[in-house]
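Biologist: Hi! Could you walk me through this model in simple words?
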Amino acid sequence: MASEGDVRARLQRAGQEHLLRFWDELAPESRAALLAELAPLEPDALREHCQRAATACARPLGPLPDLAARLRPLPPERLGSASRSDPETRRRWEEEGFRQIALNKVAVLLLAGGQGTRLGVTYPKGMYQVGLPSQKTLYQLQAERIRRVEQLAGERLGTHCTVPWYIMTSEFTLGPTAKFFKEHDFFHLDPANVVLFEQRLLPAVTFEGRAILERKDKVAMAPDGNGGLYCALADHQILEDMERRGVEFVHVYCVDNILVRLADPVFIGFCVLRGADCGAKVVEKAYPEEPVGVVCQVDGVPQVVEYSEISPETARLRGPDGGLLNNAGNICNHFFTRGFLQTITREFEPLLKPHVAVKKVPYVDEEGNLVKPLKPNGIKMEKFVFDVFQFAKNFVAFEVPREEEFSPLKNAQTAARDNPSTARRALLAQHYRWALQAGARFLDAHGAQLPDLPSLPPDEDPPAICEISPLVSCSGEGLEVYLQGRELQSPFILDENQAKVLRLQDA
């Protein structure tokens, strides 16, 4: 291990020697822990990281002045739509997607390194329960969707297939996630096909460019953003693992979307048949100021422009059909070929520019007292997973209905949107719709029929509670056999056991 003298000399080179200012007060084990944390930090890289954070933070925020003239919606030939395509085209996409899954060529990759600060929990977000009748966590819902899509693909092509699940964690989420999966027997997935790996951490920095001490013996570190994926793939030889398994196509998604469709055959098939090396699912923006990035072209190059960078005037522009001109909302749901990811890790990753996130970072003051700041005091530098779109040779976007595929869990219950209640409501409303579409009717306590659900406001619960296990149906498929012509009462849970009961009743 590096000595105190070595580390001190390297910190001086980086202009960060203050990180050892409490050295004399530390016990031997605390000294060892601090040296272990500081030793991997290269002096030049650390100095550049701190300077870049301070410089970036000093730049004025807000809309980019010359963006409006350079920004254009994606051209129609780069766009597909789940809802606006004809049934035959959609069937072809789905068939191709299932074929690739059955050939073991598709993997899913979960971005799960975030700390869940806004949600207000001390454990990984994937372990969160939003209050479903089944009490399932986000991790369990996702595991069961993988099992279902493997089953559907296998049945279609008469084969046994596997969709490997790669999970990018961070120092904060790796241990608890690994323990959680072991405790739950990997939700009946083969542990050999669930691959956890860690993204890098970067020091949080003050506005003056000084790395922050979180405790006397610990630097304040933060995951390097979901764009840290590309370094992590290289660090842990994940692409080599994919190659050994024969994986050619990777579906990358974010942990917090309760409606996410894993290895979605329609999306996979669309991207494969278009010959895309990179793709993104999008939803139509709900309103001009909605705080989501826009998938578009800038100077003819595909990218995501953050909502804060677009002026209100540009955000409000309308097309000939009266809809928002720049309406393709990014939902962190992407398709990559393994070849494209290899090119990124080998050639382009160093060109990705970190983004500034201004945060409240706990720290120790000059006297060694722990301070929990009431307002933002530090900078975390993050890379974004979508910053690689610009390097794609054939980029496509695929529009999906928000009510079917996007309800993120970002905030604590006290927030107005994207909270546990809105996530739970979105899933239960979806399942209520699926049951009605399959021919079921819901009755109230007096036997009167409850209404259909043509379009429910996002802040209203569905008329009845209906939860459908992903092991029975992960996108509304195959429910007629259980529900056609049935009268159901709330709450109704259709899990594997209930499905067997209903089949026996019909036998």
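This is a predicted model: local features need pLDDT of at least 70, side-chain atom pairs count only at pLDDT 80 or more; totals for chains, interfaces and linings use all residues.

Biologist: How many helices and strands does the chain have?

Modeller: There are 16 helices and 24 strands, counted as DSSP runs (H or I, at least four residues, for helices; E, at least two, for strands).

Biologist: And what share of the residues is buried?

Modeller: Buried residues make up 54% of the 507 in the chain; buried means under 20% relative accessible area with a 1.4 Å probe, protein chains only.

Biologist: Which residues touch the most other members of the largest nonpolar core?

Modeller: Ile101, Tyr139 and Trp165, in a core of 47 residues. A nonpolar core joins buried Ala, Val, Leu, Ile, Met, Phe, Trp, Tyr and Cys residues through side-chain atoms within 4.5 Å. A second, separate core has 40 residues, including Val250 and Phe391.

Biologist: New topic: how many disulfides are there?

Modeller: The count is 0, where a disulfide is a pair of cysteine sulfur atoms within 2.5 Å. For cysteine 466, the nearest cysteine sulfur, that of cysteine 474, is 15 Å away.

Biologist: Is cysteine 466 buried or exposed?

Modeller: Cysteine 466 is buried, at a relative accessible area of 0%. Cysteine 474 also counts as buried, at 15% relative accessibility.

Notes. Residues are numbered from 1 along each chain as its sequence is written. Side-chain values use heavy atoms; hydrogens and water are left out. Buried means under 20% relative accessible area, exposed over 50%, partly exposed in between (1.4 Å probe, protein chains only).
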